[in-house]
Amino acid sequence: MTSKRTMNVTCVIAALLITSSLTIAVPVEVGTGDNSAYLYIEWSDSYVAEFSVRFENTSVTGLGLFDIAEADTTLTTVRKDYGWGVFIDGITFNGHSDIGYNGGENWWHYWIKDADQSEWMSPAYGAGDRIVENGDSDGWIYGRD
């Protein structure tokens, strides 16, 4: 027969184990300035990093968000310039890395969300042409659309 105290302790331990296994992403703060935008990155192994990127000017490009994050953290990107624009071909951070096109959906998909939008969208232009303003968000997901 199990005592009521043993059952309560078991329930508390189970609750702590469940709660401690949940991961809440806290944005990494980078850059300086009065304006900020979010940079969301999701690797093929499901690791997610989010950056709150601060900047001085009223706007920055999508590539500029990476420049600021790379200057303040160990984040690195592989960029390829094809003449018509710069393509993000790889992103590495905290031991997580996806580089190159590996067939099918295995490449970096680019998504944007302006401050006044509720839904993410895939733009018809690249990160070098994207004008990011205060409150906007850019997202990068590898391996799925």
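Helices (H or I, at least four residues) and strands (E, at least two) are taken as DSSP runs and numbered from the N terminus. The structure is a predicted model, in which local features need pLDDT of at least 70 and side-chain atom pairs count only at pLDDT 80 or more, whereas totals for chains, interfaces and linings use all residues. Residues are numbered from 1 along each chain as its sequence is written, and side-chain values use heavy atoms, with hydrogens and water left out.

Five strands, in the order S1-S3-S2-S10-S8, form an open sheet of mixed pairing, two strands being counted as paired if DSSP finds at least two bridges between them. At the edges lie strand S1 (28–31) and strand S8 (108–113), each of which pairs on one side only, and the twist from one strand to the next averages 20°. S8 and strand S10 (residues 137–142) run antiparallel and are joined by six bridges; Lys113 stands opposite Ser137 in S10. Helix H2 (residues 62–72) packs on this sheet and touches S1, S2, S3, S8 and S10, where contact means heavy atoms within 4.5 Å. The direction of H2 makes about 85° with that of S2, axes being lines fitted to C-alpha atoms, for helices over the stretch in contact, and angles running from 0 to 180 degrees between N-to-C directions.

Ser46, in the loop between strand S2 (35–42) and strand S3 (48–55), has a positive phi of about 75° although it is not a glycine. Asn94, also not a glycine, has a positive phi near 50° and is placed in the loop between strand S6 (86–93) and strand S7 (96–99). Ser46 is exposed, with a relative accessible area of 55%, while Asn94 is partly exposed at 47%; buried means under 20%, exposed over 50% and partly exposed in between, for a 1.4 Å probe and protein chains only.
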